[in-house]
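Please look over the structure below before reading on.

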Amino acid sequence: MTKHDAGIKPTGRNPRYDILFEPVQIGPVRTKNRFYQVPHCNGMGHAYPSSMAAMRGMKAEGGWGVVCTEQVEIHHTSELTPVIEGRLWDDRDIPVMAKMCDQIHEHGALAGIEPCYDGLATPNRYSREIPMGPSARPVSYLEPVQGRAMDKADIRNVRRWYVDAAKRAQKAGFDIVYVYAGHDLNILSHFLSRRWNNRGDEYGGSLENRVRLLREVLSDTKDAVGDTCGIALRFGVDELMGAEGLSHQGEGRDVVEMLAEYPDLWDVNVSDWDNDSMTSRFAQSGFQDSYVSFVKKVTSKPVLGVGRYTSPDAMVSLLRTGALDLIGAARPSIADPFLPNKVEEGRIEDIRECIGCNICVSADFHMVPLRCTQNPTMGEEWRKGWHPEKIAKAHADESVLVVGGGPSGLEAARALGQRGYAVTLAEAGTVLGGRVAREGALPGLGEWRRVIDYRQYQISQMANVHTYLESALSAPDLLEFGADHIVIASGAKWTSDGVGRENYAPIPMEDGAHVMTPDDIMDGKSAKGPVVIFDDDHYYMGGVIAELLRDQGLDVTIVTPAADVSHWTHNTLEQGRIQSKLMKMGVKIVPLHNVAAVKVDLVTLECGYTEAEHHIACATFIPVTMRQPVDTLYNEAELLLAGKDDAPTLTRIGDCFGPGTIAAAVYAGHRYARALGEEITDDVPFRRELPHLATE
Ligand code: ADP
Ligand code: SF4
């Protein structure tokens, strides 16, 4: 139990945060505070509408003054299938949106919607309509689909579809209607851009012409629904590509000056999505400030910006210095839907701060409900009934021994403690955190330690959770302890034999070859150059080890069977930055190759297509291919417990059950804590949203 569950009153809001709770007028509507959840994708949208609505409602319950949709398709001629976004193609889509609005309004927040015509940003896989844009171009997806140039009738149609969508949004109950011209993901951005737009008519050429469609859609939307809805313009003021794109010192600024008083609210950021949602590996909180700070000087309308703000003090400073009027957040609101309420209640230290890993983004790419490393309840609000702050009381007056203080053990101990169990957390090491403590020391991953910080603090406030460091437990220790339940979260270790996706058998290695694992490197053991890293894992580990060793001055080569390094990080919007950084540091990259053999002073590489072999010098070989669960303790305990009467339950969770992401480990710990005392059946363990069969 936390001090709050125990009935100790939180101290209440610190007056220095009062400014965060002031209302802001946005056209005809007024927010209750300055916490604003900007539009963000969530992998639920029109396919899992109840899940989507409940997730948005949860943010409103947590105190966000405005809660917005993801981008919402406005017409079947521009749709993103199989990516799941919102949809307002016709009146039949209104009830889904109305459901979301109702759940937001229930908690006194405003609901915002981001209608979008994607234009050349989508191939229209479902509708099979030919995409269109300012000029005839291939669509931005690498697909054999080319968009056509819009004629005047098309432009009139698109304007009308924006108006139709705005009216439907108004009917659904939205308070704020966006005009979206950001991220290079929609027709309004494309018309603005010299890269996409080479028209010779009044919609192309000069900036005055290229901004015309945006200005028209803004005016149309205002005329259509501006009587009851605030009209927000979401605009990427800088594309971080210098003169080739919009920039805050060039055409980006010019657009803001031209349209300064048109919208009721400026929602400004940097474009495209890779730039807007940079991970903590590449950008700190507040990284957009210098790009957007000019906007307030150009307009009298309220301005909102983003930058992964999690600290209320940083938020206050942005307001006090006149940089922003509203604090925009996508990821901080995902990691902690109750951030505003925690500030309101004087519980700053209870904020679950976003770590900037972009696992949330990967869920959208994979078209599955949103998930989050820090917040295991994200996306589970409706289908599992999980609340980020509330949890059922313990099913009985029982004790639980948690073995291992990594992310899964820590989250299990925290959530079990919150339920009221008597919890003992035993950790072999000298610190809590397991892999997060180790990985958090690698280049660029320091913010990941917030996974530990949040949980360690919460546990420290619970009288019913006791933590013991330097307590490596054996199987007999477990039994002797006498807990009612034992949960083993002993983690996993990187292997050294090269077995993984590409190699089903160990890579032949000559006696005397110097082979190290990522764990050896994290333990501080030294590598000798030249180093060859074989990355068959494809997430961050191979890349960060390369960065670390190159920083130490070693000659480093990464070999990977994929076409590029850290391939999976395309899903976290990081791949381009990782590869560019490594190449600029002088790390050599050999894509599309396997490692066929390791000798004392060289490795043999094999081309993935021709099987042609060549050798490169190697004094230290580091396979990053897979991890082996540390499950001896579990296996031994299972044997000892077999057949015993009154034996405690024994469960393994996290990486010692199935090595995966930190997000998966946290989720596993949380799920264990929720499920304790519940009967396990064969039933689907979550509610489903089934399609309705057509009646004809
Ligand atoms: P996960 O990601 O599943 O939480 P980690 O590898 O991050 O796994 O953490 C596992 C933790 O378990 C490590 O901190 C490790 O020191 C600890 N551990 C492993 N075996 C034992 C044991 N026998 N007794 C106590 N702690 C253990
Ligand atoms: Fe932040 Fe990572 Fe959660 Fe996304 S998944 S909200 S980046 S902690």
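Which residue just after H15 takes a positive phi? That residue is Gly420, with a phi of about 105°. The model is predicted, so local features are given at pLDDT of at least 70 and side-chain atom pairs at pLDDT 80 or more, while totals for chains, interfaces and linings use all residues. Residues are numbered from 1 along each chain, chains are lettered from A and ligands numbered from 1 in the order written, and side-chain values use heavy atoms, without hydrogens and water.

Helices and strands are DSSP runs numbered from the N terminus (helices H or I, at least four residues; strands E, at least two). Helix H15 covers residues 407-419. The expected span of a helix is 1.5 Å times one less than its number of residues. For the 13 residues of H15 this gives 18 Å, and the end C-alpha atoms are 18 Å apart, which agrees. H15 is mostly covered, with 13 of its 13 residues buried. Buried means under 20% relative accessible area, exposed over 50%, and partly exposed in between, using a 1.4 Å probe and protein chains only.

Helix H3, residues 152-172, can be treated in the same way: its 21 residues should span 30 Å, and the end C-alpha atoms are 30 Å apart, which agrees. Its buried residues include Trp161, Tyr162 and Arg168. At the N-terminal end, Asp151 caps H3 through a side-chain oxygen 3.1 Å from the backbone nitrogen of Ala153. H3 is followed by Gly173, whose phi is positive, near 110°.

Next come the ligands. Ligand 1 is surrounded by 22 residues, and the closest are Ser408, Glu427, Arg435, Leu473 and Asp655. Here a residue is near a molecule if one of its heavy atoms lies within 4 Å of it. A polar contact is a pair of N or O atoms within 3.5 Å; within protein, one must be able to donate a hydrogen and the other to accept it, and residues adjacent in sequence count only if both atoms are side-chain atoms. A polar side-chain atom of Ser408 lies 2.8 Å from an oxygen atom of ligand 1. A polar backbone atom of Ala428 is 3.0 Å from a nitrogen atom of ligand 1, and a backbone N or O atom of Leu473 also lies 3.0 Å from a nitrogen atom of this ligand.

The residues around ligand 2 include Arg331, Cys354, Cys357, Cys360 and Cys372. Helix H12 (331-335) and helix H14 (359-365) each supply at least two residues of this shell, and the largest share, three residues, comes from H12.

The remaining features concern the backbone. Most residues other than glycine have a negative phi, and most peptide bonds are trans. Asp184, which is not a glycine, has a positive phi of about 60°. Asp184 is in the loop between strand S10 (176-181) and H4; it counts as buried because its relative accessible area is 17%. Glu611 also has a positive phi, of about 65°, although it is not a glycine. Its place is in the loop between strand S24 (602-607) and strand S25 (613-617), and with a relative accessible area of 57% Glu611 is exposed.

A cis peptide bond joins Thr81 and Pro82, with omega about 5°. Pro82 lies in the loop between strand S4 (66-73) and strand S5 (86-87). The peptide bond from Ser271 to Asp272 is cis too, with omega near -5°.
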